[in-house]
Amino acid sequence: MMEGHSLEKDGWESLLADLGEPRFRATQVLEWLYARRASRWEDMTNLPAGLRAKLAAALPISPLEVVRETGSADSTRKFLFRLADGQMIESVLIPASPALYGEASDRRTICISSQVGCAYGCRFCASGLDGLKRNLTAGEIVGQFLRVSELSGEKINNIVFMGMGEPMANFASLMRAIRILNAPWGGGLGARHITVSTSGLVPQIRELAAQPLQVRLAISLHGATDDVRNTIMPVNKKFPLGELLDACADYVRQKKQKITFEYILIGGVNDSPEQARLLAGHARALDAKINLIPYNAVEGLDWTRPEPDRQEEFLAAVRSGGADATLRREKGHDIAAACGQLRLQAVRSLKSRQ
Ligand code: SAH
Ligand code: SF4
């Protein structure tokens with residue numbers, strides 16, 4: 001079944017026209033859904049009762065069901081949601097962090113999921129452990145933003161697609177959700193406040209570059225050579241580093257934007273001085289920013305995060321290679337560290353109870 005939050009303005013216009021309604025109904029519906037954040041058709045009092053009943057039967061708009069919430073108001077908060085078919089996904093709210101974004105920042109970021117599970121099987125990631133269950137609909141993606149806004153009472157002004165799943169592998173729904181989140185009648189978020197993170201799907205990077213919206217791009221690089229990437233990211237066999245960097249260069253040229261390289265530091269795997277030097281070179285060539293993220297332990301996986309000294313050395317080496325880099329030192333602000341982990345715990349504990 002299609003959810004109400006999957007439809008764009010033109011979709012509402014044609015659906016309502018098919019039902020014999022005047023054109024202004026679409027504006028009314030969108031105002032209820034996004035400006036007033038209504039979650040029940042019966043509350044939309046300026047729509048005819050008969051229409052409300054028809055829409056209620058065809059297009060659910062109920063909020064995502066919360067299964068678990070962890071964290072506190074002044075730190076990272078994680079939300080585990082159950083979808084209509086019983087599948088679970090998670091979203092993370094990261095409050096403004098002066099240490100991350102500068103003293104004056106009032107940035108409130110939500111990290112959202114794009115799929116249930118993930119087909120890409122990066123060796124360090126909890127999301128890919130059980131493979132892909134299914135794509136999220138645009139409505140389920142938008143629904144995370146709406147529900148977390150509601151539950152937290154925060155005005156979220158930044159969205160990163162760094163939750164569960166590979167957003168670029170769910171491209172049509174991703175783009176539809178982004179257009180809804182960006183539209184003045186929808187979420188009203190500037191495209192530059194929306195970041196898509198990818199493990200390196202080259203054709204979709206090119207497709208995103210061709211879209212009119214100025215969405216930001218983050219690349220999960222995690223290795224500065226094919227050797228290292230091949231060890232931890234199977235996707236690199238399909239789209240090797242050279243091709244990925246070419247697509248990134250085209251993105252930067254076309255969008256006139258800085259991109260970000262995400263780089264998880266994994267002890268003895270990708271944290272050598274040589275990797276730092278090469279990584280700095282790749283970043284400099286594209287004027288990309290590097291985000292170093294100490295690996296976050298995943299139950300059942302044997303990787304470790306390097307000692308703090310070694311993390312600092314890597315950072316220093318990247319910087320002395322001329323690149324702009326930051327290292328996430330604070331606990332709880334590992335945006336990416338949330339990736340799939342809350343769901344994994346929940347799914348495992350449910351299984352162990354069966
Ligand atoms: N599939 C996309 C987006 C979701 S993953 C991608 O890979 O970019 C979001 C980020 O979390 C990625 O940079 C990913 O590599 C990172 N991540 C996954 N597992 C992690 C872990 N155990 N510790 C730290 N970061 C992790
Ligand atoms: Fe999928 Fe991203 Fe996790 Fe890789 S890091 S398995 S692409 S979610």
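Let's start at leucine 213. Not counting residues up to four places away in sequence, Leu213 touches Ile178, Arg179, Asn182, Ala191 and Lys255, where contact means heavy atoms within 4.5 Å. This is a predicted model, in which local features need pLDDT of at least 70, side-chain atom pairs count only at pLDDT 80 or more, and totals for chains, interfaces and linings use all residues. Residues are numbered from 1 along each chain as its sequence is written, chains are lettered from A and ligands numbered from 1 in the order in which they are written, and side-chain values use heavy atoms, with hydrogens and water left out.

Back to Leu213. It sits in the loop between helix H7 (202-210) and strand S9 (216-220). Helices (H or I, at least four residues) and strands (E, at least two) are DSSP runs, numbered from the N terminus. Ile178 is 35 residues from Leu213 along the chain, and their C-alpha atoms are separated by 9.0 Å.

Next, ligand 1. Which residues come nearest to ligand 1? Of the 21 around it, they are Gly165, Ser197, Ser220, His222 and Asn296. Being around a ligand takes a heavy atom within 4 Å of it. Strands S8 (194-198) and S10 (260-265) each supply at least two residues of this shell. By class, the shell has 10 nonpolar, nine polar and two charged residues. Here Ala, Val, Leu, Ile, Met, Phe, Trp, Tyr, Cys and Pro count as nonpolar, Asp, Glu, Lys and Arg as charged, and the others, Gly among them, as polar.

Now the polar contacts, pairs of N or O atoms within 3.5 Å. An oxygen atom of ligand 1 lies 2.5 Å from a side-chain N or O atom of Ser220. For Ser197, a polar side-chain atom is 2.6 Å from an oxygen atom of the ligand. At Phe124, a polar backbone atom is 3.2 Å from a nitrogen atom of ligand 1. How much of ligand 1 does the protein cover? The answer is 97% of the 530 Å² of accessible area that the ligand has on its own, by the Shrake-Rupley method with a 1.4 Å probe.

On to ligand 2. Its surroundings include Cys118, Cys122, Cys125, Phe124 and Gly165. That shell has five nonpolar, four polar and one charged residues.

Last, a helix pair. In H11 (residues 273-286), Pro273, Gln275, Ala276, Leu279 and Ala280 meet Arg310, Phe314, Ala317 and Val318 in H12. The residues of this contact divide into seven nonpolar, one polar and one charged.

How values were computed. A polar contact is a pair of N or O atoms within 3.5 Å; within protein, one must be able to donate a hydrogen and the other to accept it, and residues adjacent in sequence count only if both atoms are side-chain atoms.
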